Amino acid sequence: MSAQGPAPRQGSTTVGASLACRRVSFSYSEGGASVPALRDVSFSVPAGDAMALIGASGSGKSTLLQVIRGLDEPEAGAVVLDGVEPGAAGYAERQREVGLVFQTPEVQLFAATAREDVAFGPRRLGWSEPDVADAVARAFELVGLPQAVYADRHPYSLSGGEARRLALAGALAMRPRLVLLDEPFVSLDPGSRRDLVAILERLRADGITLLLVTHDVDLAWRLCEQRLVLAEGRVAAAGLWDFAGDDARLLAANRLREPFLVELWRRLAYAPGQAPRTLEEAAKALA
Amino acid sequence: MRATIAQYYPGTSPIHRLDPRAKFVAVTAMAVALFLRDSFAGLAVFAAAAALAYGLSRVPIAWFWRAFRPLLWLVGLTFLAQLLFAPGDAFFSLGFLHLSWRGIELAAYLSLRLVVLVLIGSVLTLTTPPMALTDGLVWLGRPLRRLRVPTDELALIVTIALRFIPTLLAEFDTIMRAQRARGVDFHRGGLRQRVRNLQPVLVPLFVVSFRRADDLALAMEARCYRPGIARTRLHPLRAGWADVALLATTTVVIAAGLLL
């Protein structure tokens, strides 16, 4: 593409964007009837933080991601990106800085080579070829796929875990400042999960803001300091995890369980000085 | 994005409970009869019968309207074509356009026929689940088996295709959204650009469909499906007195429509 668009932001560290939803509502129309999916959803994520979006199936998690990315217009309320209100100058640009990674994103791969697929987004942004090449190289590196090995391979010849990482690279090549991930761990083998966790930890270290939909509370807790619990399209809780408080009840009410470590601590319920220090002691304490 | 024309409206009305074979035969016979004779009285009989069937089906009028609306322009267009180009003694002419009483009459016939046709077709598809309709067609196509037409296999293909239309539409929608998130604007650019924009949607859609077809074939084999072997049905079709009544009524309606 010859058209020169705005150059991507320079520098190796990308600073994350903040996100705030203010009383966002959205309904689907189904057979003439309107089915509410999100009702009065309000929460905020400071720049560079990570928030886990959890809730039972059908609670509106995926819909919320689509609305934040602007693929669906909210019926009421506003999605404020990096402090910019919708309709204000620069909002469309902020929306382009939101990366959305769909569930099983590998089904979107379509180009003849891995490199072309990753370059697709940056080219749509109208970047110059050197900028595109730069962004592609960085994205391959971020997801841990060496360009020398993978760039010329056909996307459909990759393994499941590799294809998912390639799809993620396609989103990261657009240098997003806020990344929305819809159940990125689904149907990955343990090795690929570990790789993906490492990638997300790296994004966090770079300062990118994350919103992560997952049913895996262990990973949610490990990767995110905040959680947003959705129940039937409403916010049941938003903010920092609170295991000493209401989280156990909240998670159970939404068909989830506490992180394994939290559960372990609860079951050990130790008094000071009596904490098991060896596997044998732990086994006795848990028996 | 939904296919409105063949949509099923779940219900338990007398029309819903009729045998799909009887409904199909009645609708086909009436559709043919509709075009046999030019007579307003006859068409009125067909229209009344169609309206009665629709009323008995207890399907909300909005559903019929949704099926009908896309065809409105077709009805309008044929009306205009008949009106302006039909032979007859013109009482008003403008260039090559001629208005004649005969033209108005023909245009009215044709529009009425189309409306009645859509109405009875809608009653059939709105009150009959696609699978039941397929089963009915297989039964009606039985004589073809003597000619070595693989009717059961064809029916299975149609059934599977119908079953996967909503799935594919949902898949199509998801992939469109995913590519929009990657910066594709499906509504901008010239024709060339728009066609090119479809590539990132169609390639994944085909790949997903082929994989799904593979999986489905394996799953069917795992459940011992073999072509050419007669299968029994979970819900065998059963015709009753209501179906006999339907066919009798249809015969009377068609006779009246053709004689009046």
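These legends go with close-up views of a predicted model.

View 1. Which strands pair with β6(A)? One is β5(A), residues 98–101, which runs parallel to β6(A) and is joined to it by four bridges. Look for A:Leu100, whose bridge partner in β6(A) is A:Leu180. Another is β7(A), residues 209–213, also parallel, with five bridges to β6(A). In that pairing, A:Leu181 sits opposite A:Leu212 of β7(A). To get from β6(A) to β7(A), the chain passes through helix α7(A), residues 190–205, making a right-handed β-α-β crossover.

**View 2. The largest nonpolar core, and another one apart from it.** As a rule, nonpolar side chains in soluble globular proteins tend to be buried together. The largest core in this model holds 78 residues, and A:Leu53, A:Ala169, A:Leu180 and A:Leu212 have the most contacts inside it. Another core, of 25 residues, lies apart from it, and its members include B:Ala26, B:Leu43, B:Ala49 and B:Ile120.

**View 3. Zooming in on A:Leu53.** What does A:Leu53 touch, once neighbours within four places in sequence are set aside? The list runs to A:Lys61, A:Leu64, A:Leu211, A:Leu212, A:Val213, A:Leu228 and A:Leu230. One of these, A:Leu212, is the residue that stands opposite A:Leu181 in the strand pairing of View 2.

**View 4. Where chain A meets chain B.** Each chain brings 17 residues to this contact. On the chain A side, the elements giving two or more residues are α1(A), 61–69, and α3(A), 114–124. The largest share, three residues, comes from α3(A). By class, this side of chain A has ten nonpolar, five polar and two charged residues.

**View 5. The two domains of chain B.** Where they touch, seven residues of domain 1 are in contact with six of domain 2. The domain 1 side of that contact has four nonpolar, two polar and one charged residues.

Definitions and conventions: Residues numbered from 1 in each chain as written. Chains lettered and ligands numbered in written order. Predicted model: local features only at pLDDT ≥ 70, side-chain atom pairs only at ≥ 80, totals over all residues. Nonpolar A, V, L, I, M, F, W, Y, C, P; charged D, E, K, R; others polar. Pairing = 2+ DSSP bridges. Right-handed = clockwise from strand over helix to strand, strands pointing away. Core = buried A, V, L, I, M, F, W, Y, C linked by C-beta atoms within 7 Å. Buried ≥ 20, exposed ≤ 12 C-beta atoms within 10 Å, placed from the backbone.
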